[in-house]
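Please read them with the structure open beside you.

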Amino acid sequence: MTWLFSGLRSDEISRLRLGCIRWQHNGSPVPGDSRDVLAQDAVCLLDVPVHKTGTAFTKPVDPIVGHAIEARQALRPAQPQRLDRKTNEYVDLLFSVRAHPVAKYYINRTIIPALCRKAGVPTADIRGNITSHRARSTIASQLYNAKEPMTLFELQAWLGHRTPNTTQHYAKITPNALTKAYTEAGYFARNVRTIEVLLDRDAVTAGTAASGEPWQHYDLGHGWCTYTFFEQCPHRMACARCDFYTPKGSSKAQLLEAKENLQRMLATIPLTDDERAAVDDGQTALDALLDRLADVPTPAGATPRELAARPAANLLPIVDVRNAKPGHT
């Protein structure tokens, strides 16, 4: 229990002292077997001895660790004190057998392999041998990826690290936590929008679409764009009125809108950083976008500057990503 749930190094486990477990409730000490306090309301504190990176400190652990250690203390026979090799003082060691302290190497070479055999699990996996350090890194990752996770600095204090740089090696983000963070970041929703598009089903059925007849008409608000690869056009946010453009006030546009065999759909388009800024920040960002596109060729070949007219600063009528309505795709 101490190995699995305390997050201690093997040297710290072997040097734990009698009375290393304390119980508190609302900041006040209470006996571990108190009937006045429910088990889930009491906090179990573990006193960690001086270790390789710092002084002794106290940290909370799961009550199951406290109950296991107290059960061990109750069964431990009286033994003479032993010398703590780090502090050079004689102390009562918790894990001591026949006046001999349990060596830290004995934990990795004998106790843990015996526990693995008893549990029916291999003593090694793709990451190497199962050692005392494996449990320490595993519980650190679990605490960092919990529903209410520890911060990096809180985890640093719990593990007893001198700097957060060391803790970063233990604080590995699980795929589930990474997926949750990515979803909540809303990157896709912010960088993708939808635009309405009309499909001319007559052109598709008659086969004229295969010969180059426009069959997709993207709604620009002020007109229609028939460029097949509309999502790749750099001028889609502010149309430069190239040969693929049809003004809505023209007779051609009126004939298109009067056709009966049209299907209205929503097309998803990704936005560049400049286009998203134009959507989020308004006219200033849109003017800057128009200036950068002045010499960028349109799908028809000519640039906006060559078309001899600055395109009107009208934003593309895009909307947030949403589920299609009945009858739409």
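**Notes on the predicted model**

1. Leaving aside residues up to four places away in sequence, S10 touches K104, I107, N108 and S132, where contact means heavy atoms within 4.5 Å. S10 lies in helix α2 (residues 10-14), and at 13% relative accessibility S10 counts as buried (buried is under 20% relative accessible area, exposed over 50%, partly exposed in between, with a 1.4 Å probe and protein chains only).

2. This is a predicted model, in which local features need pLDDT of at least 70 and side-chain atom pairs count only at pLDDT 80 or more, while totals for chains, interfaces and linings use all residues. Residues are numbered from 1 along each chain as its sequence is written, and side-chain values use heavy atoms, with hydrogens and water left out.

3. In helix α6 (residues 152-159), the buried residues are L152, L155, Q156, W158 and L159. They sit on the same side of α6 because they cover an arc of only 165 degrees around the axis, the arc being that of the directions from the helix axis to the C-beta atoms. F153 and A157, on the other side of α6, are exposed.

4. The cover over the buried residues of α6 includes α1 (2-5), β4 (57-61), α5 (132-144) and α7 (164-167). Helices (H or I, at least four residues) and strands (E, at least two) are DSSP runs, numbered from the N terminus. Just after α6, G160 takes a positive phi of about 80 degrees.

5. M1 is placed in the segment before α1 and is partly exposed, with a relative accessible area of 48%.
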